[in-house]
Amino acid sequence: MATVILYPAIDIRNGQCVRLLRGDMNVATIYNSDPAAQAARFEALGFAWLHIVDLDGAASGHARNRAVIEEILRTVRLPVQLGGGIRDIAIIASWLEAGARRVVLGTAALTDPPLVREACQLFPGRIAVGLDARSGRLATNGWTVQSDVTVLELAKRLEDSGVAVLIHTDIERDGALTGLNMEATLELARAVSVPVIASGGLASLADIERLLTPEDARLAGAICGRALYDGRLDPAAALALIANTEGRSRC
């Protein structure tokens, strides 16, 4: 069994740590006005990675919360996976130099595939692609623009580009606590050789247990957000479940 990584999400809007419902900027819940403190808390709880999104950047195409994110990068030692409005080589390079371990390209992956290939060549192992979809079709620009391109179509186009990981988000489940869309995410994982992370809707230990079953072990992990902030998912229990299950699989 491959190691399953649970990525706590820190979504930043107007300098604050928030969670949206299905990507709607008008339905935002503020959970912490100090994202760096939230990151430190996740580190203290024992998480192995952080997933950070500049929501304002995703919508505008330009970094809007750089100072806040740089503070996080200075505060924690955890590797950080960062996305939101990152759409050219110079910005990719600047974030990697600032301390991000991996940069996530979403809108750019659909609108500028050559950029993805160039970035993967320049920064091997450090470029992820976010595949954010409604009913299997990709949405861009902070999920405000709907395309006709399917998740599988874009994933296949980029499979040989050197992308380190694909992040599949079901927008209709994101923040809704209805459970991960395992069927669509597994379909993607079976179709490509690139590791796949599930995102959108993780609600409970049952979702973690599903990730750890042999038939679903091909997934590289999952991103968790509202369930952690609302207390529906006990981080200690989730991490212990992963560690114990993987420990037994190695015996």
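Among contacts in the chain between residues at least 6 apart in sequence, what percentage join residues at least 24 apart? The value is 69%. The structure is a predicted model, and the points below take the chain as a whole before turning to individual elements and residues.

1. Overall fold. The chain holds eleven helices and twelve strands. Its radius of gyration is 17 Å, close to the 18 Å that the globule rule gives for 251 residues, so the chain is as compact as a globular protein of that length. Along the principal axes, the C-alpha trace spans about 45 × 40 × 35 Å.

2. Burial and surface. Buried residues make up 55% of the 251 in the chain.

3. Helix pair α3 and α4. Two packed helices are described by the angle between their axes and the distance between the axes. Here, the axes of α3 (residues 66-75) and α4 (residues 89-98) come within 10 Å and cross at roughly 35°. From α3, the contact uses R66, I69, E70 and L73. From α4, it uses S94, W95 and A98. By class, this contact has four nonpolar, one polar and two charged residues.

4. Helix α6. This helix covers residues 113-122, and its buried residues are L115, V116, A119 and C120. Seen down the axis of α6, they fall within an arc of 130°, so they line one face of the helix. An α-helix has 3.6 residues a turn, so residues three or four places apart point the same way. The face of α6 turned away from the buried side carries the exposed residues P114 and Q121. What do the buried residues of α6 pack against? Their partners are the helices α4, α5 (107-111) and α7 (151-158), together with the strands β6 (102-105) and β7 (127-134).

5. V165. This residue sits in strand β10, residues 165-170. Is V165 buried or exposed? V165 counts as buried because its relative accessibility is 4%, and the cut-off for burial is under 20%. V165 and G130 are 35 residues apart in sequence, yet their C-alpha atoms are 8.7 Å apart in space.

6. Q38. Helix α1 (residues 35-45) contains Q38. At 6% relative accessibility, Q38 counts as buried. Which residues is Q38 in contact with, leaving aside its neighbours within four places in sequence? They are I10, C17, N32 and Y229.

7. N141 lies in the loop between β8 (137-140) and β9 (145-150). W143 also lies in the loop between β8 and β9. N141 is not a glycine, yet its phi is positive, at about 55°. W143 is likewise a residue other than glycine with a positive phi, near 70°. As for accessibility, N141 counts as partly exposed at 22%, whereas W143 counts as buried at 17%. The two fall on opposite sides of the burial cut-off because buried means under 20% relative accessible area.

Definitions and conventions. Residues are numbered from 1 along each chain as its sequence is written. This is a predicted model: local features need pLDDT of at least 70, side-chain atom pairs count only at pLDDT 80 or more; totals for chains, interfaces and linings use all residues. Side-chain values use heavy atoms; hydrogens and water are left out. Axes are lines fitted to C-alpha atoms, for helices over the stretch in contact, and angles run from 0 to 180 degrees between N-to-C directions. Helices (H or I, at least four residues) and strands (E, at least two) are DSSP runs, numbered from the N terminus. Contact means heavy atoms within 4.5 Å. Ala, Val, Leu, Ile, Met, Phe, Trp, Tyr, Cys and Pro count as nonpolar, Asp, Glu, Lys and Arg as charged, and the others, Gly among them, as polar. Buried means under 20% relative accessible area, exposed over 50%, partly exposed in between (1.4 Å probe, protein chains only). The radius of gyration is taken over C-alpha atoms; the globule rule is 2.2 Å times the number of residues to the power 0.38. The arc is that of the directions from the helix axis to the C-beta atoms.
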